[in-house]
Amino acid sequence: MSSSTPPSNDPFAIPADTLGMDPATMRRLGHKVVDMVVDRLERRNTEAVITTGKADDLTARLGGPVPDAPSDPDAALDLLAEVALTNMQHGDHPRYFARVPGPAAFAATLGDWLGTGFNTICASWGGGSGPAVVETTVCAWVAEMLGLPARTEGVLLSGGSMANFTGFCVARSEIGAGVAYLTDQTHASLPRNLRQMGLSSEQIRILPSDDALRMSAETLAHAIAEDIAAGRRPMMVVATAGSTNTGATDPLDAIADICAAHDIWMHVDGAYGAPAAITDRGRATLSGLERADSVVLDPHKWFFQPYDLGLCLVTRPGALERCFSMNPEYLRDVQAISGEVNYGNRSLELSRRSRALKLWMSLRTHGAQAFRDAVLRGIELAEFTEDHLRRTPSRWEIITPAQLGIVCFAHRGSDAADHAARAARVSASGFATLSSTMLKDRSALRLCTINPLTTEDDITRTLEMLAAPN
Ligand SMILES: *Cc1c(COP(=O)(O)O)cnc(C)c1O
C-alpha cells in the first residue's frame with residue numbers, strides 16, 4: 001500500500017488506493033481465509049458445539065476506541081477467528097440438535113464468496129440482469145422441487161421472519177385488510193410481523209391447537225364464521241408446515257378448502273419444514289402445500305445454505321410487484337413477457353446482494369437428488385431417535401413422535417427445571433447441544449436431527465449423557 005506517495009499536480013494521476021490492497025496481498029490474505037475456513041470444517045467434530053462468551057471479555061478483545069491508524073490484517077483476521085467466531089453456536093456440528101441446525105454445503109459458501117467478491121447487486125434489471133436471472137432460476141427450481149405450480153414467483157430475503165412479512169404484505173395487498181388466523185404453535189416472529197404491519201389485536205386471531213399441536217380445521221371454520229358474523233373481513237390463514245417446536249404440520253388440504261370457500265389468502269410458513277416436500281415422504285405429509293397462495297421456507301435451515309437465506313414464494317403471478325413495485329405503470333407487462341425482473345420491486349429491500357448465487361451453486365454442483373437424500377436422512381434420524389427412546393420406557397416418554405426431523409420427549413420424573421438443567425449440562429460439556437421446550441403445559445426435551453452428517457452413534461451418546469443424573 002502506497003500511502004506515502006507525494007501529492008501530484010497531474011489532474012489525471014491515479015489516486016492512491018488507501019482502502020485497497022495490492023494484488024499479491026489480496027491473494028495471500030484471500031487464500032489465508034480459505035485455509036482458516038477449511039481448517040475449521042476439518043475439525044468441526046472436535047470443537048465445542050456451542051460457546052457463549054462474557055460481554056466484558058469479548059468487548060475487551062474486540063472493542064475499544066475507533067482504530068485511527070492501520071494495523072496488521074493477518075492479526076485482525078486471527079483475532080476474528082479466535083475470539084468472535086469461536087464464541088458462537090456451530091449449527092453445522094453433527095451434534096448440534098438445538099433449535100434448528102444450519103448444516104451448510106460448502107458449494108453454497110463458494111457461491112456466496114464469489115458474489116461478495118464481485119460486489120454483486122440484484123435490485124434492478126438494468127443493473128443486475130445476470131444475478132436477477134440466477135434468482136428467478138433458483139426460485140423456479142425450488143418451487144418445482146416442492147411441487148408448487150409453474151406460475152410461482154419468488155424473492156430471496158434474509159430469513160423466515162422477513163419472508164413471512166413479505167408474504168403477509170402481499171396477502172393484504174391482494175385481499176385487503178382483515179383478520180389473520182394463527183395458532184398457539186405459530187412461530188413467535190409471525191404475530192410480531194402482524195403487529196408491526198399495524199393489525200389490531202382483534203385482527204390477529206391465535207387459535208388453540210389440537211391435541212397433536214396442529215391447527216384444527218373445525219376451530220378455524222368456526223372462528224371465520226364468527227368474524228364474518230361480526231362484520232370483520234377474514235384476510236389470511238397462516239398455516240405451519242413443520243412447526244419449530246415439534247415438526248407438526250397443519251391440515252393443509254382442509255385449510256385450502258376453507259380459504260377457497262371464503263376467498264381468503266392461504267399462507268404457509270414452511271420456514272422450517274417445507275424442504276421436506278422435496279422427498280416423497282415429506283410430500284405426503286405436506287399434501288396441500290401446492291394449493292397455498294404463498295409459501296415461505298428458510299434455505300439456511302433445511303436446504304443446506306449458509307446464513308442468511310429466506311425465500312418467499314407466491315403462486316399468484318404479479319402479486320409481489322403489485323404489492324412492492326415503486327413504478328407500477330412501467331413494470332407490469334414488460335416483465336411478464338420478457339422475464340426481466342426488478343427484484344427491488346419484490347420486497348422492501350432495494351439495494352440487495354445476490355443471495356441466489358449460493359443456492360444456484362450448491363444445486364448445480366450437487367444436484368437435486370443429493371438434496372433429497374440429505375433431507376430424507378434428517379427425517380430418518382429423528383425416527384431412529386424415537387425408536388431408541390422407546391426401547392427404555394422406564395426412563396423416557398415420547399411427547400411428540402418424530403415429525404419432519406424433530407422429536408420431543410420427557411425424562412421420567414423430570415420437571416421443566418430438571419429438563420432445562422439436563423440440556424444445559426450437555427451443552428456446557430461441549431459434546432452436543434439440544435433444547436428443552438414447553439408444549440402447552442408439558443415440559444420436554446427436543447432433538448432436531450437435520451444434519452445429514454450426524455451418525456446414529458452421535459444420537460445414542462447424546463441421549464446417554466442426557467440420562468445421567470444432574
Ligand atoms: C426459524 C423460523 C422462523 C423465523 O425464521 P428466521 O430465519 O429465524 O427469521 C419462522 N417460522 C418458522 C416455522 C421457523 O422455524
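1. R95 is placed over the face of F431, 4.0 Å from the ring centre. A charge counts as lying over a ring if NZ of Lys or CZ of Arg is within 6 Å of the ring centre and within 35 degrees of the ring normal.

2. The model is predicted: local features need pLDDT of at least 70, side-chain atom pairs count only at pLDDT 80 or more, and totals for chains, interfaces and linings use all residues. Residues are numbered from 1 along each chain as its sequence is written, and side-chain values use heavy atoms, with hydrogens and water left out.

3. The largest pocket holds about 1,600 Å³ of space. Its lining comprises 46 residues, of which V37, R40, L85, T109 and W113 are the closest to the centre. On a 1 Å grid over the protein atoms alone, a pocket is an open set of points with protein on both sides within 12 Å along at least five of seven lines, a cavity is a set where a 1.4 Å probe fits but cannot get out, and lining residues have an atom within 4 Å of a point. Grid points are joined across faces, edges and corners, and a volume is the space filled by probe spheres set on the points.

4. The largest share, nine residues, is that of α1. Helices (H or I, at least four residues) and strands (E, at least two) are DSSP runs, numbered from the N terminus. Domain 1 (110-366) and domain 2 (370-467) each supply at least three residues to this lining; the domain bounds come from an automatic or database domain assignment.

5. By class, the lining of the largest pocket divides into 25 nonpolar, 13 polar and eight charged residues. Ala, Val, Leu, Ile, Met, Phe, Trp, Tyr, Cys and Pro count as nonpolar, Asp, Glu, Lys and Arg as charged, and the others, Gly among them, as polar.

6. The structure contains six aromatic pairs. The pair F106 and W113 is edge-to-face, because the ring centres are 5.8 Å apart and the planes stand at 90°. Rings of Phe, Tyr and Trp (its six-membered ring) pair if their centres lie within 6.5 Å; planes under 30 degrees apart count as stacked, over 60 as edge-to-face and the rest as tilted. F106 is partly exposed at 30% relative accessible area, and W113 is also partly exposed, at 32%. Here buried means under 20% relative accessible area, exposed over 50%, and partly exposed in between (1.4 Å probe, protein chains only).

7. Y272 and W302 form a stacked pair, since their ring centres are 5.4 Å apart and their planes at 15°. Y272 lies in the loop between β5 (265-270) and α10 (280-285) and W302 in helix α11 (residues 299-302), so the pair ties together parts 30 residues apart in sequence. Both Y272 and W302 are buried. A further aromatic cluster is formed by F303, F304 and F371.

8. There is one cavity of 30 Å³ or more, and the largest cavity holds about 60 Å³. Y272 is among its lining residues, as are H187 and D269. The lining of this cavity has two nonpolar, eight polar and one charged residue.

9. Most residues other than glycine have a negative phi, and most peptide bonds are trans. A cis peptide bond joins Y307 and D308, with omega about -5°; D308 is in the loop between α11 and β7 (310-314). Phi is positive at R99, near 30°, and at L213, near 65°.
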